[in-house]
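Here is a short briefing to read beside the structure. It goes topic by topic.

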Amino acid sequence: MKAAVLVFPGINRETDMAKALAAVSGVKPAMVWHTDTDLPAGTDLVVVPGGFSYGDYLRCGAIAARAPIMRAVAAHAERGGLVLGVCNGFQIITEAGLLPGALVRNASMKFICKEVNLKVENRETAFTSAYRHGQVIRCPVAHGEGNYVADDGTIAELEAEGRVVFRYCDPTGHISPAANPNGSTNAIAGIINARGNVLGMMPHPENLIEALHGGLDGRPLFDSLVAALPKAA
Amino acid sequence: MKARVVVTLKNGVLDPQGKAIEGALASLGFDGVGEVRVGKVIDLELKATDKAAAEAEVKAMCERLLANTVIENFAVQFVG
């Protein structure tokens with residue numbers, strides 16, 4: 001794995017993400033500044049981390065999505081390279097048009113910072129192969145705008161093609177409005193593009209990868225990526 | 001030339017902020033208010049002097065950055 005973690009002004013989860021990638025893959029990722037125009041040679045995974053890029057001005061992720069480095073990220077995705085967007089990173093790659101739909105204000109109007117349960121709806125991806133199908137995992141969320149919306153046609157397509165990868169659920173895996181923290185359509189917590197190389201998710205798997213975090217449920221996501229990518233020289 | 005861009009949420013997109021304002025207005029006794037929706041106003045000072053060119057330019061700005069056309073509509077007014 002040769003990962004690059006993007007850094008924008010106002011991002012604050014880049015260190016957590018870099019530590020998770022290094023802990024699981026054994027290789028430190030490159031930290032790439034938003035004004036750069038190229039990714040480091042040989043990058044096979046781009047991670048857009050969480051935070052509050054540009055103070056969430058205009059719309060969450062809107063300004064970061066137009067940063068110079070994002071052209072290189074689009075080209076990387078176009079070549080089939082893997083892209084993971086977490087939280088603000090999900091908002092950024094969606095604003096950049098790498099994923100359909102949009103993330104709007106939580107239905108409750110509240111910023112939500114807590115642990116939720118997620119159901120792994122599709123394990124046949126480069127990001128989730130180390131999970132079991134239908135596995136229920138715990139994962140922290142911390143966002144004010146995580147309410148996934150898209151037009152009916154897009155939602156139908158995501159559902160029909162198994163592109164809803166993570167869904168909010170209760171501890172038994174049951175999906176209900178009560179277990180949906182932000183009002184997302186169909187309790188969507190994470191989606192993947194049609195080609196299967198760009199995944200966006202609101203929850204933070206990087207914050208549940210060692211015992212001191214209180215659990216290891218985020219680790220299989222990184223294990224999956226390590227398995228999917230060639231070993232770095 | 002000055003342009004004013006008004007960005008509004010598309011019909012059907014939930015607007016929790018509008019709902020909160022709706023509730024607050026009702027609590028103040030304004031019971032004649034139906035649905036409330038919140039949008040944004042963005043004022044731009046433009047160097048352009050030709051209105052048609054300015055219109056095309058502002059439309060491009062809206063489509064590329066100022067509005068997210070997945071969830072928002074935009075309207076442009078020119079002043080002065």
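**Cysteines, sheet, helices and rings**

The sulfur of Cys62(B) lies 19 Å from the closest cysteine sulfur, in Cys60(A), which is too far for a bond. Keep in mind that this is a predicted model. The points below start with the cysteines, then turn to chain A.

**Cysteines**

- A disulfide is a covalent bond between the sulfur atoms of two cysteines.
- Cys60(A) is in no disulfide, and its nearest cysteine sulfur, that of Cys87(A), is 8.9 Å away.
- A disulfide needs the two sulfur atoms within 2.5 Å.
- Cys60(A) is buried because its relative accessible area is 10%, and buried means under 20%.
- Cys62(B) is buried too, with a relative accessible area of 0%.

**The sheet of chain A**

- In chain A, 9 strands form an open sheet. Their order is S2-S1-S3-S4-S11-S10-S9-S6-S7, and the pairing is mixed.
- Strand S2 (30-33) and strand S7 (136-143) of chain A stand at the edges. Each has a single partner strand, so one side of each is left without a neighbour in the sheet.
- From one strand to the next, the twist averages 25°.
- Strands of a sheet pair through backbone hydrogen bonds, either parallel or antiparallel.
- Strands S1 (residues 3-7) and S3 (residues 45-48) of chain A run parallel and are joined by 3 bridges.
- Ala4(A) stands opposite Val46(A) in S3(A).

**Helices on the sheet**

- Helix H5 (residues 219-228) of chain A packs on the sheet. H5 touches S3, S4, S9 and S11 of chain A, and its direction makes about 165° with that of S4(A).
- H3(A) lies across S3, strand S4 (82-86), S10 and strand S11 (198-201) of chain A. H3(A) runs at about 125° to S4(A).

**Aromatic rings**

- There are 3 aromatic pairs over all chains.
- In one of them, the rings of Phe90(A) and Tyr148(A) have their centres 6.2 Å apart. Their planes are at 10°, so the pair is stacked.
- This pair links distant parts of the chain, 58 residues apart. Phe90(A) is in helix H3 (residues 88-95), and Tyr148(A) is in strand S8 (residues 147-149) of chain A.
- Phe90(A) is buried at a relative accessible area of 1%. Tyr148(A) is buried as well, with a value of 1%.

**A buried loop residue**

- Where is Asn182(A) found? Asn182(A) is in the loop between strand S9 (164-169) and strand S10 (188-192) of chain A.
- Asn182(A) counts as buried because its relative accessibility is 1%.
- Leaving out residues up to four places away in sequence, Asn182(A) touches several residues, including Asn106(A), His143(A) and Tyr168(A).

Conventions: Residues numbered from 1 in each chain as written. Chains lettered and ligands numbered in written order. Predicted model: local features only at pLDDT ≥ 70, side-chain atom pairs only at ≥ 80, totals over all residues. Heavy atoms only, no water. Helix = DSSP H or I, 4+ residues; strand = E, 2+ residues; numbered from the N terminus. Buried < 20%, exposed > 50% of the residue type's maximum accessible area, 1.4 Å probe, protein only. Contact = heavy atoms within 4.5 Å. Phe/Tyr/Trp six-rings, centres within 6.5 Å; stacked < 30°, edge-to-face > 60°. Pairing = 2+ DSSP bridges. Axes fitted to C-alpha atoms, helices over the stretch in contact; angles between N-to-C directions.
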